[in-house]
Protein chains: 2
Amino acid sequence: MSDEPIARTSRRDFLRSTALAGAGLVAGSATAGASGPDPKIVEVQDWASSFGDPVDATPYGMPIRFESHVVRRNVEWLTESPVSSINFTPIHALEGTITPQGCAFERHHSGAIELSKADYRLMINGLVDTPLVFTFEDLLRFPRSVTTAFCECAANGGMEWAGAQLEGCQYTQGMIHNMEYTGVPLRLLLEEAGVKPEGKWVYAEGADASSNGRSLPLDKALDDVMVAFFANGEALRKEHGYPVRLVVPGWEGNMWVKWLRRLGVYDQAVESREETSKYTDLMPDGRARKWTWVMDAKSVITSPSPQVPIRHGKGPLVISGLAWSGNGRITRVDVSLDGGVNWQSARLSGLALPKALTRFHLDIDWNGEELLLQSRAVDETGYVQPTKDQLREIRGLNNVYHNNGIQTWWVKADGEVENVEVA
Amino acid sequence: MSDEPIARTSRRDFLRSTALAGAGLVAGSATAGASGPDPKIVEVQDWASSFGDPVDATPYGMPIRFESHVVRRNVEWLTESPVSSINFTPIHALEGTITPQGCAFERHHSGAIELSKADYRLMINGLVDTPLVFTFEDLLRFPRSVTTAFCECAANGGMEWAGAQLEGCQYTQGMIHNMEYTGVPLRLLLEEAGVKPEGKWVYAEGADASSNGRSLPLDKALDDVMVAFFANGEALRKEHGYPVRLVVPGWEGNMWVKWLRRLGVYDQAVESREETSKYTDLMPDGRARKWTWVMDAKSVITSPSPQVPIRHGKGPLVISGLAWSGNGRITRVDVSLDGGVNWQSARLSGLALPKALTRFHLDIDWNGEELLLQSRAVDETGYVQPTKDQLREIRGLNNVYHNNGIQTWWVKADGEVENVEVA
């Protein structure tokens with residue numbers, strides 16, 4: 001298993017030259033057989049004849065040392081400064097739908113700041129009846145809601161516009177995480193301040209040096225946006241905005257302002273640096289799409305994938321992946337073994353919550369031949385995840401953001417997996 | 001906030017001598033007002049004028065140092081040896097429904113062992129057509145499912161049989177956690193081996209020295225039991241059974257065998273030490289109830305609670321708590337402010353999944369008078385959480401296990417909270 005990203009030239013010209021099994025594969029089992037006198041079974045092992053760790057060993061635990069490869073990773077050549085950069089969730093090594101905070105990707109514009117609850121303030125000003133300043137304790141006195149949502153960087157998959165670039169599902173699609181949040185609906189805080197009739201936009205700023213200011217239309221702010229304190233049951237981590245961040249379900253991650261310090265209500269968008277020079281989609285004609293907030297339906301097969309080759313040879317193989325949509329629930333995920341010629345529906349495992357990661361599985365009996373694995377998500381609006389070429393036809397190649405095109409993994413006969421594109 | 005448990009004599013004789021507000025409290029808001037020139041707002045802060053941590057600072061992150069009190073804790077006088085003991089989830093400081101693995105309670109019979117995937121074996125033998133030994137890699141080739149479930153020690157609340165004993169929601173009710181698991185349905189592994197017609201029980205053993213063997217009726221084993229590898233998206237932690245544990249939704253935690261090494265199929269229960277001398281319920285007549293596997297519906301208010309006093313004085317107060325049932329979904333949680341005289345329904349926040357923790361909230365306007373806070377869960381079977389005295393009438397006081405009685409917190413006028421019982 002390789003955990004280092006490999007940059008290489010485009011493989012857009014990759015051609016399918018090998019006959020693939022395709023529709024002939026069916027679910028199977030019978031992986032295990034009775035073994036001979038396995039010493040791990042017939043001999044008493046050390047761990048079965050001695051004491052393990054006591055209950056006071058780790059007041060707050062970390063993953064076991066055997067899992068030390070399951071960590072956030074960054075790509076040094078991708079950005080200039082690590083205080084204004086991004087790292088990647090090891091989605092290739094995770095299962096289910098929840099992303100642990102400890103390995104959930106980070107994006108900072110000026111680094112992760114340390115801000116205590118005592119020092120925390122949130123101001124609401126602008127076009128409101130009563131400008132307000134909340135302490136952290138104040139926020140804890142408002143009614144709370146609980147919701148699970150994915151947070152995806154607009155640039156997730158952005159390197160793939162120019163063709164398959166990075167070896168590793170973590171690197172190609174790992175700017176995403178999915179957590180259960182608890183906090184106060186933003187609507188309640190805005191109601192407390194009283195939005196004036198001419199107020200149509202809410203500008204959110206963080207307490208870090210960058211401030212990462214972003215403008216939210218009032219409709220969204222009053223809909224499902226949360227001022228969140230807890231993620232996956234516990235306090236937000238420092239790198240995710242402790243003590244307070246915005247949660248903007250279904251919308252691009254840069255709107256999820258961390259270390260939230262101010263909400264300004266205005267009659268128009270602020271048109272800040274982050275929404276003019278950045279986070280707009282440069283089109284082929286030189287103009288830029290702006291306000292492309294929603295993350296459209298997408299999916300990726302997390303295993304097998306370039307960091308998770310098939311080591312066990314032929315026979316039963318679990319294909320596992322993630323699907324999500326900023327427009328609602330995932331209703332179906334199709335999987336192709338032959339680069340998009342034939343498709344079969346995967347199983348949605350567990351919950352398929354709106355605007356949250358959804359796990360899918362497909363169980364096949366691998367005959368040992370090459371595969372061109374793809375997944376294609378469909379959401380409750382009927383939207384079908386496009387191919388990369390379909391996206392490029394409209395948006396060209398100048399853009400970095402909002403690549404939700406279908407990802408292809410080339411599974412070779414030896415089980416190794418490579419990031420490719422099919423012609 | 002006290003994080004140390006205080007043992008004290010019973011308060012069963014506690015009498016309500018103070019007039020309580022009760023039904024007069026209604027939800028309110030208006031907690032925050034415009035403040036004067038707060039330096040935290042009007043002055044540029046250090047964290048707004050310098051860089052924070054870069055994206056390569058913490059490949060796997062931990063909670064921020066300000067949250068160092070949110071940890072598992074054990075009670076030294078409660079048990080003899082820390083390798084055969086238990087610690088407690090800090091449920092008083094958590095929100096939502098997911099419990100992070102890092103602070104989820106542990107129960108060991110001979111300590112948490114370190115067992116690698118390479119060393120891992122799972123044997124199925126006994127009344128099966130084909131005895132099998134699985135490696136970890138073998139298990140990864142079976143179809144997977146994803147489910148969220150609470151795991152509660154049968155002894156959770158056990159100290160409360162004799163009356164209010166421990167100060168702290170963490171200590172009275174913290175032998176519980178709730179995670180999203182991914183693994184193989186046990187049914188599929190049993191089908192692989194082929195259970196003979198006379199096989200009626202599955203005996204599960206762990207690889208640790210204690211082995212903690214427990215007998216499961218075949219019906220349950222074929223229903224919703226999972227052989228789990230992942231919890232909250234990542235590998236199980238060492239202390240929770242890495243690399244493989246049983247997940248037995250709705251049933252007492254000691255059935256959730258960790259470091260699972262063997263499943264023996266038999267025509268009768270093994271009647272092991274763990275199901276005869278332990279984990280049976282001693283009744284007043286000296287006989288013991290056995291096979292009391294299901295955890296009946298229960299709830300507890302996590303905040304305010306003895307570790308979470310009210311510091312903000314009168315006005316809006318968020319009452320937050322957890323409810324769960326081993327028999328299905330929670331359908332309602334009632335909250336009483338006056339020790340069980342008057343009840344009002346709380347709001348179920350987020351999902352109310354079957355056999356999983358459910359978060360409830362009630363927003364009140366506290367008038368500063370004393371409260372006797374209680375919560376009462378109702379599940380989809382119509383079962384209503386009983387009072388402690390109702391349980392004692394049937395089960396007496398000799399028993400340690402299965403105390404799902406209503407918990408009472410005495411909120412004093414100064415905001416301090418004490419564990420009490422109402423007469």
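How many residues does the contact take from chain A and from chain B? The count is 98 residues from chain A and 99 residues from chain B, where contact means C-beta atoms, placed from the backbone, within 7 Å. This is a predicted model: local features need pLDDT of at least 70, side-chain atom pairs count only at pLDDT 80 or more, and totals for chains, interfaces and linings use all residues. Residues are numbered from 1 along each chain as its sequence is written, while chains are lettered from A and ligands numbered from 1 in the order in which they are written.

**View 1. The side of chain A that touches chain B.** Here you'll find 43 nonpolar, 30 polar and 25 charged residues. Nonpolar covers Ala, Val, Leu, Ile, Met, Phe, Trp, Tyr, Cys and Pro; charged covers Asp, Glu, Lys and Arg; the others, Gly among them, are polar.

**View 2. The two domains of chain A.** Domain 1 is 22–29 + 294–420 and domain 2 is 101–289, with bounds from an automatic or database domain assignment. Their C-alpha centres sit 29 Å apart. Each domain puts 29 residues into the contact between them.

**View 3. Domain 1 of chain A, on the side that touches domain 2.** The elements giving two or more residues are β13 (298–303), α6 (388–395) and β21 (417–420) of chain A; helices (H or I, at least four residues) and strands (E, at least two) are DSSP runs, numbered from the N terminus. β21(A) supplies the largest share, three residues. By type, this side of domain 1 splits into 12 nonpolar, 13 polar and four charged residues.

**View 4. β7(B) paired with β4 (residues 176–185) of chain B.** Five bridges join these antiparallel strands; pairing takes at least two DSSP bridges. Look for Y181(B) opposite A231(B).

**View 5. β7(B) paired with β9 (residues 245–247) of chain B.** Three bridges link this antiparallel pair, and M226(B) has V247(B) as its bridge partner.

**View 6. The hairpin of β7(B) and β8(B).** Two bridges join β7(B) to β8 (residues 234–235) of chain B, again antiparallel, with A231(B) partnered by E234(B). Two residues lie between the strands, and N232(B) takes a positive phi near 50°.

Key:
Contact = placed C-beta atoms within 7 Å.
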